[in-house]
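Open the model in your viewer and keep the selection panel at hand. The stops below go one element at a time.

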Amino acid sequence: MLEQQFEYIRSITDFSPEILIILGSGLGDICDGIEDRIEIEYGDIPSLPVSTAPKHEGKFIFGTLSGRRVAIMQGRVHLYEGYTPQEAVNHIRLIRLLGAKYLVITNAAGGINIGFRPGDLMMIDDHISLFVPSPLVGKNDDKLGTRFPDMSEVYSKRLRKIISDCADDIGVKLQNGVYVQLTGPAFETPAEIRALASLGADAVGMSSVIEAEAAKHCGYEVCGISLISNLACGISKTPITAEEVHEAGEKITPVLSRLIINSIGKF
């Protein structure tokens with residue numbers, strides 16, 4: 001399947017990206033700065049899962065950003081849409097075959113750490129994968145990676161240092177923390193948030209962990225940034241809505257875009 005998808009993209013363009021950027025909910029404005037733009041809808045690629053979640057457009061955008069050749073996923077697919085973990089990471093593996101070496105994950109997340117506030121940006125230092133099925137279960141494709149990949153440094157210290165330095169340079173305050181993925185689509189209960197806090201989680205969302213695991217497996221150097229779009233249930237005093245998440249993303253997009261654009265030029 002990956003080979004067929006690869007051949008389809010190659011029938012359209014010979015562009016070879018260096019960097020893959022996954023855009024989370026409400027974080028699409030970074031695409032405005034892309035030069036020599038090529039767009040391919042997920043639905044046009046054979047057997048590639050398509051985005052059905054609100055505000056996820058469902059297409060690849062290829063081009064040049066900050067002097068680097070990039071592929072942008074404008075929309076991801078989630079487990080709660082009914083996809084398997086293997087289907088949810090298909091896009092990442094496909095872009096790796098096209099040549100990408102670096103992965104920047106972004107997402108909107110609920111803040112568990114009581115020191116976080118809506119609108120904060122959190123660099124992901126590590127993650128907890130206990131609550132979602134691994135995308136690596138099943139027959140291993142040795143062409144992608146080893147059967148038993150090491151996960152002691154999923155999020156590259158080198159890339160985290162670059163992002164942290166760039167944040168300092170442009171005056172952006174970065175939180176740091178541990179991200180945990182649950183399946184969704186329901187937001188978490190207060191009891192679940194208390195349990196996650198006791199495990200050391202700082203932020204929670206419905207994506208990203210399986211993407212990072214698959215990316216590490218197939219040889220990407222990975223980094224991730226979460227937008228703290230809301231305080232998690234039980235910490236927040238008001239009900240959480242998807243509209244709140246999207247609005248927070250739209251407000252912070254210019255800051256996050258500037259941080260990513262400055263950072264990828266130094267990868």
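Buried here means under 20% relative accessible area. The model is a predicted one, so keep that in mind as you go.

**Stop 1: strand β1**

Select residues 19–23, strand β1. How many of the 5 residues of this strand are buried? The count is 5 of 5, so β1 is largely enclosed by the rest of the structure. Now colour the two faces separately. I19, I21 and L23 sit on one side, L20 and I22 on the other, and both faces are covered. In a regular strand, side chains alternate between the two faces of the sheet.

Show strand β4, residues 68–74. β1 and β4 pair in the parallel sense, over 5 bridges. Then show strand β5, residues 102–111. β5 also runs parallel to β1, and 4 bridges join these two strands.

Centre on I22. Which residue is the bridge partner of I22 in β4? That partner is M73. In β5, the bridge partner of I22 is I105.

**Stop 2: D36 in strand β2**

Move to residues 35–41, strand β2, and pick D36. Is D36 buried or exposed? D36 is exposed, with a relative accessible area of 62%. Check the backbone too. Phi of D36 is positive, near 55 degrees, in a residue other than glycine. Most residues other than glycine have a negative phi.

**Stop 3**

Go to the loop between β8 (203–205) and α6, and select S208. S208 also has a positive phi, near 85 degrees, and is a residue other than glycine. Its relative accessible area is 1%, so S208 counts as buried.

What does S208 touch, leaving aside neighbours within four places in sequence? The contacts are R76, I105, T106, N107, Y179 and Q181. I105 is the residue you labelled in β5, as the bridge partner of I22.

**Stop 4: helix α6**

Step on to helix α6, residues 209–217. This helix is mostly covered, with 8 of its 9 residues buried. The buried ones are V209, I210, E211, A212, E213, A214, A215 and H217.

Zoom in on A214. Its relative accessible area is 0%, so A214 is buried. Beyond residues up to four places away in sequence, A214 touches V89, R93, P135 and L136. For a sense of scale, draw a C-alpha to C-alpha distance from A214 to F62. The two are 152 residues apart in sequence and 21 Å apart in space.

G219 follows α6, and its phi is positive, near 100 degrees.

**Stop 5: the second largest pocket**

Now display the second largest pocket, with a volume of about 310 Å³. Which residues lie closest to its centre? Of the 17 lining residues, they are L2, Q86, R93, D141 and L144.

Colour the lining by residue class. The lining of the second largest pocket divides into 7 nonpolar, 5 polar and 5 charged residues.

**Stop 6: the cysteines**

Select the cysteine sulfurs. How many disulfides are there? The count comes to 0. C31 is in no disulfide, and its nearest cysteine sulfur, that of C223, is 16 Å away. C31 is buried, at a relative accessible area of 2%. C218 is in no disulfide either. For C218 the nearest cysteine sulfur is again that of C223, here 14 Å away. C218 counts as buried, at 5% relative accessibility.

**Stop 7: a cis peptide bond**

Finish in the loop between β7 (174–181) and α5 (190–198), where P185 is placed. Select G184 together with P185. Which kind of peptide bond joins them, cis or trans? The bond is cis, with omega about 5 degrees. Most peptide bonds are trans.

Definitions and conventions:
Residues numbered from 1 in each chain as written. Predicted model: local features only at pLDDT ≥ 70, side-chain atom pairs only at ≥ 80, totals over all residues. Heavy atoms only, no water. 1 Å grid on protein atoms, 1.4 Å probe; cavity = no way out; pocket = protein on both sides within 12 Å on 5 of 7 lines; lining within 4 Å. Points joined across faces, edges and corners; volume = space filled by probe spheres on them. Nonpolar A, V, L, I, M, F, W, Y, C, P; charged D, E, K, R; others polar. Buried < 20%, exposed > 50% of the residue type's maximum accessible area, 1.4 Å probe, protein only. Pairing = 2+ DSSP bridges. Disulfide = S-S within 2.5 Å. Contact = heavy atoms within 4.5 Å.
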